[in-house]
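Grab a pencil and have a go at these exercises. Try each one yourself before you read the solution.

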Amino acid sequence: MSTALLAVQTLNGLQLGLLLFLVAAGLTLVFGVMDLINLAHGVQYMLGAYFAVVGYRLTGNFLFAILIALALAMALGLVLEFLVYRHLYGRSHLDQVLATFGVILFLDEAVKAIFGAAPLALPGPEWLSGSIPLMPGLLYPVYRIALIVAGLAVAGLLYVLVNHTRIGMLIRAGASNPAMVSALGVDIRRLFMVVFAFGGMLAGFAGAMAAPILAVEPTMGDNLLILAFVVIVIGGIGSVRGAFIAALLIGLIDTLGRSFATDLLKLVFAPAAANQIGPALSSMLIYLLMALTLFIRPAGLFPAHRQ
């Protein structure tokens, strides 16, 4: 286990964790405030990447492409809330799962019809190209550093928004006791629209920022959605702080586990046995963490306290 590899994989884990946070933050707010299971949240991550590709083709500028992706992702969130999700409030979770799964199928096929099934690429900005030395002999891409910084900046802005603004106060109150918020005269439908549009914008931003380092293709958000659900289960439904901490834990554990589990097992088992057990165990680590969290704290590490 080299120090250089540990440093690189730690940064990769932070990067994955922050992408997960951007997706899981919106998902946990939608689930916490609206009591809505939205399986199609990963599709909004995928569409954010496609919107960024479209924006880049139109403008040739990466920053403009990101802004276009944010605007379109928020608009899509509003459209989906108006056409589909507002009809699911108060319905059973099974109805919500079936309806949102239908949204996944529809939007996946729409993307394939418009863009094709072949992966697309989004060039990163030239001013973030190249690498920086982390230590002698170790270079790390500048864009990946920028992605980590952007994720931390959004997390900080989200903290201020949720904890120090009136809309944030209403969101926190809605996550704790939506019936009381409605009884106090707050337009709960408008609050739901704001939360849903904001959650969609966060997911779209994550997809747009990930597009230069990942292949932009249909279903690219499916695996990330599974990890996002693990994040909100561990962090606590409705808790942005819980989503942030849990996302970083999941990102680091998943990345470091896949890199070093086999080497660590060789300290205990024979090399042949470690080579067989390591890959299987590394893919299970985050789910073992989720099971342990549910056993110790069934509501998650930092749940929104419902009354």
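**Exercise 1.** Which residues in α4 are buried?

*Solution.* Keep in mind that you are looking at a predicted model. Start by finding helix α4, which runs over residues 93–115. Next, use the cut-off: a residue is buried if its relative accessible area is under 20%. In α4, that gives you Gln96, Thr100, Val103, Ile104, Leu107, Asp108 and Val111. Now look at what lies over them: the cover includes α2 (41–59) and α3.

**Exercise 2.** What span does α4 reach from its first C-alpha to its last, and what is expected?

*Solution.* Count the residues of α4 to get 23. At 1.5 Å a residue, 33 Å is expected. The model's helix reaches 32 Å, close to that value. Just past the end of α4, check Gly116: its phi is positive, about 90 degrees.

**Exercise 3.** How many aromatic pairs does a search of the whole structure find? Work through the pair of Phe21 and Phe244.

*Solution.* The search turns up four aromatic pairs. For Phe21 and Phe244, the ring centres are 5.3 Å apart and the planes make 85 degrees. An angle over 60 degrees counts as edge-to-face, so this pair is edge-to-face. Then place the partners: Phe21 sits in helix α1 and Phe244 in helix α10, so the pair ties together parts 223 residues apart in sequence.

How values were computed: Residues numbered from 1 in each chain as written. Predicted model: local features only at pLDDT ≥ 70, side-chain atom pairs only at ≥ 80, totals over all residues. Heavy atoms only, no water. Phe/Tyr/Trp six-rings, centres within 6.5 Å; stacked < 30°, edge-to-face > 60°. Helix = DSSP H or I, 4+ residues; strand = E, 2+ residues; numbered from the N terminus. Expected span 1.5 Å × (residues − 1). Buried < 20%, exposed > 50% of the residue type's maximum accessible area, 1.4 Å probe, protein only. Contact = heavy atoms within 4.5 Å.
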